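Subject: Structure for you to look at

Hello,

Here is the structure I said I would pass on. My notes on what was found follow below it.

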Amino acid sequence: MAPALINVPRKAKRGEIIEIKTLMSHIMETGYRHTSTGEVVPRDIITSFTCRYNGAEIFRADLFPAIAANPFITFFTVATESGKFDFEWIGDKGFSETASAAITVE
Amino acid sequence: MSPATVIVVAVLLIAATSVRGGEIPPSERRSGFSFMTPETQAMQNDDTANPGMLWVLDGEALWNSKAGAAGKACADCHDDARASMKGVAARYPVFDKALGRPVDLEQRINLCRANHQEATPLTYESRELSALTAFVAQQSRDMPIMTGDDPQLAPFIAKGRALFTQRQGQLNLGCANCHDDNWDKRLAGSAITQGHSTGYPLYRLEWQSLGSLQRRLRGCITGIRAQPYDYGAPELVELELYLMSRARGMPIETPAVRP
């Protein structure tokens, strides 16, 4: 399993804007490079990232070959209720990773 | 201006530019960190934004997983790395009595694999070796570098220093020409820096990966258009040893982030 790093505040006030940071381990091979013998290095990238907050999708991103290795994606949301963030990365060659983080809203 | 005046002015100019030649005084030493933009510094300081931490996590998993014919994990002998590996990277490279020469952290891990785990050595710059090295070195983060205490290392440090100052390659440059004499200037858009090896293995944005000090040294040697030494070559270890003794007292930053 590829490691991921998630940074979600453990606690937040209701209605507070919080920042979520995610870092996923991935080589993000563009598919545009060639080996020294001229063969194309096949594309191997993450194509989609989603974040669900208690089941409801709050953020989605499509990724393309221009994105650097180990994509670092951060975004903001409003803390509405206590619960769980579920993250999912999907990519080439059957790449599929999930992670989650809990938050307490007071 | 008379010819004599021109010569005097020229001599004075040469004298002025070579004032800062030679070694950097301890009070003027600066980590590569201080040459970076605030954005890259923030990336290094935040463990959830520092991509080097991905290797550290991998390394922790490898530390606890069994390998080789002996069926032993690193943890079976060394227990919790947080205690047993604390300060280790700050002393490396160290003198190995059996080999009669200094070994760096990567070589020590492979020696441990060969002698105690009966496993095949990991290749330089492989994910596994980088991860294990990063995990071990991270246990010494913020600790001052202590390399070079062992008197047996002295001749090897001297060799490393000789290599550091030796001009070589088609550009006829030595490491010291940039990193001792011109560290406050820029090479194209990039800061030259003082070349202190405080954060290896480190995540280099240009590499889009974690890499060892030997990778960095080979890159620099290629840059001056000289023939780089092979990974694990004694010359590279001696250079590593000299650089670590040169950075003595500076805190370990592993895993650092560099542009």
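Across the interface of chain B and chain A of this predicted model, the rule finds one salt bridge. K21(A) is the partner from chain A and D46(B) the partner from chain B, and their closest N and O atoms are 2.7 Å apart. Helix α3 (residues 52-63) of chain B supplies five residues, the largest share of the side of chain B that touches chain A.

As for the extent of the contact, 14 residues of chain B and 13 residues of chain A take part. Between the two chains an area of about 1000 Å² is buried, and carbon and sulfur atoms give 60% of that area. In chain B, the residues that lose the most area to chain A are T48(B), L54(B) and Q208(B); together they make up 52% of what that side buries.

The other item is helix α8 (residues 154-165) of chain B. Twelve residues at 1.5 Å a residue should span 16 Å, and the end C-alpha atoms are 17 Å apart, which agrees. Which residues of α8(B) are buried? They are F156(B), I157(B), G160(B), L163(B) and F164(B). Because these residues cover an arc of only 120 degrees around the axis, they lie on the same side of α8(B).

Regards

Technical notes:
Residues are numbered from 1 along each chain as its sequence is written. Chains are lettered from A and ligands numbered from 1 in the order in which they are written. This is a predicted model: local features need pLDDT of at least 70, side-chain atom pairs count only at pLDDT 80 or more; totals for chains, interfaces and linings use all residues. Side-chain values use heavy atoms; hydrogens and water are left out. Helices (H or I, at least four residues) and strands (E, at least two) are DSSP runs, numbered from the N terminus. The expected span of a helix is 1.5 Å times one less than its number of residues. Buried means under 20% relative accessible area, exposed over 50%, partly exposed in between (1.4 Å probe, protein chains only). The arc is that of the directions from the helix axis to the C-beta atoms. Contact means heavy atoms within 4.5 Å. Buried area is the accessible area (1.4 Å probe) that two parts lose on being put together, summed over both. A salt bridge is a side-chain nitrogen of Lys or Arg within 4 Å of a carboxyl oxygen of Asp or Glu.
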